[in-house]
Amino acid sequence: MNTRKKTWGGAIGNVLEWYDFAIFGFLAPIMSPLFFPDSDPMVSLIKTYGVFAGGYLMRPIGGIFFGYIGDRFGRARALQLSILMMAVPTLLIGFLPTYEQIGWLAALLLIVMRLVQGVSVGGELVASMAYLVENSPPEKRGVAGSWSLFGSVSGVLLGSLTMTLLDWLLSAEALTAWGWRVPFIGGLVIFALGVWLRRDISEGQAECGVPVDKPSNPLREVLSKMPGRVLHISSALMLFSSSFYVLFVWFPTYLTKILPVPISHADEINLAGMTLLLASIFCFGSLSDRVGYKQVVLIGTAFITLAVYPLFVFVDHGSVGAALTAVLIFAIGCGAILGPMPALLVSSFPPNVRSSAIGLSYNITLAIFGGTAPLVATWFIDRTEDLASPAIYLALLGAISFYATIKLRSI
């Protein structure tokens, strides 16, 4: 298997999984009255973001399950299984009946699909990180690991492009009636590509020096010998886990549904930001190979922590230029955090329990602070009536992450 195909084989699952999670976030304002009708649109939206968060609450289970498979049977096996588990519920969501057709059962089925997807997502990104970093030379592990998050952001970007195209092609009535189903059914194209890329994916652990004598229960090994390390990494991931979802998945809703003066062209603004974020992830991943993974993550964390509140206030002025400027600045700061993070995580745990350890620490934080981020941001504004209150929340998480990252030592 050539290097290019191996790289895309490791990253393609992230494209599918984050494409789906992105379109769900983008479609939340449309899907909320279809599955959770309520006289108050804000309450309906909060319920839909609650389902979004529910998928993330299943991530630790996915991290444990796929972490065990990755440590016991290989990263490649985990990658092949996780993409299948994501594709099936994604397709089924596209065919779900709505509340008007079958009542509360529609909401229940949507929740079940999201929970299954949450299990899959909990394993895919971790397996991808470990696979890509372990199969690269030591001097290129930063840029190699960045491909996993490059794939994730590509999925979100693809979701954004899809929504922009649908908005252009369909009327609001058609999008509400049936157009929202199209992106979910379209995920089959990514799945087919993923099956082809991963069909002959090679394991490669032996050549990377991963010990042959693997523990019979990797999770028990992690919990008994390094629980403090897991909590430390979880703390370092707080801003990483929340900032992306607030600033890129939830932000279009903020611009169009929450600001008193809605900002037009929110999808195009988000598209520009995601494009710059992709380039930033790759550039900062490459930079981290020269100056250190930890150093680059610290720079990005400090930047977002200090800049997020002023930028939110700037956006609240209600102009397209302010929103575009803020999103582009966010993209650079987030890229500095995302790009080196896979290599930093892989270097933080021993190879024989790496998938389980990263899966547990990463997914605990994502479940608490990542999937809940759009819900928390919406709730904060609803309760405080302060349009910039989500920025205060991100800044607090950033301060914790910065301190935890400073204290972090590689194994």
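Visitor: What do the numbers rest on?
Guide: This is a predicted model, in which local features need pLDDT of at least 70 and side-chain atom pairs count only at pLDDT 80 or more, while totals for chains, interfaces and linings use all residues. Residues are numbered from 1 along each chain as its sequence is written, and side-chain values use heavy atoms, with hydrogens and water left out.

Visitor: Why is Val-112 called partly exposed?
Guide: Buried means under 20% relative accessible area, exposed over 50%, and partly exposed in between, with a 1.4 Å probe and protein chains only. Val-112 has a relative accessible area of 36%, so Val-112 is partly exposed. Val-112 is found in helix H6.

Visitor: What makes Val-182 count as partly exposed?
Guide: Val-182 is at 38% relative accessibility, and therefore counts as partly exposed. Val-182 lies in helix H9 (residues 181-198). The C-alpha atoms of Val-182 and Leu-91 are separated by 9.6 Å, with the two residues 91 apart along the chain.

Visitor: Which residues form the nonpolar patch on the surface?
Guide: The patch is made of Tyr-99, Ile-102, Trp-104, Leu-105, Leu-108, Val-112 and Val-116, with about 610 Å² of accessible area together. Helix H5 (99-102) and helix H6 (104-134) each supply at least two residues, and H6 gives the most, with five.

Visitor: What makes a space a cavity, and what makes it a pocket?
Guide: On a 1 Å grid over the protein atoms alone, a cavity is a set of points where a 1.4 Å probe fits but cannot get out, whereas a pocket is an open set with protein on both sides within 12 Å along at least five of seven lines. Lining residues have an atom within 4 Å of a point.

Visitor: How many cavities of 30 Å³ or more does this rule give?
Guide: The count is one, and the largest cavity has a volume of about 100 Å³. The elements giving two or more residues to its lining are H7 and H12. The lining divides into 10 nonpolar, one polar and no charged residues.

Visitor: Which residues lie nearest the centre of the largest pocket?
Guide: Those are Phe-26, Asp-167, Thr-256, Ala-266 and Asp-267, out of 18 lining residues. About 430 Å³ of space lies in this pocket.

Terms used:
Grid points are joined across faces, edges and corners, and a volume is the space filled by probe spheres set on the points. Patches are made of residues with over 30% relative accessible area and no salt bridge: like charges are joined within 9 Å, nonpolar side chains (Val, Leu, Ile, Met, Phe, Trp, Tyr) within 5 Å. Accessible areas come from the Shrake-Rupley method with a 1.4 Å probe; for residues, only the protein chains shown count as cover. A salt bridge is a side-chain nitrogen of Lys or Arg within 4 Å of a carboxyl oxygen of Asp or Glu. Helices (H or I, at least four residues) and strands (E, at least two) are DSSP runs, numbered from the N terminus. Ala, Val, Leu, Ile, Met, Phe, Trp, Tyr, Cys and Pro count as nonpolar, Asp, Glu, Lys and Arg as charged, and the others, Gly among them, as polar.
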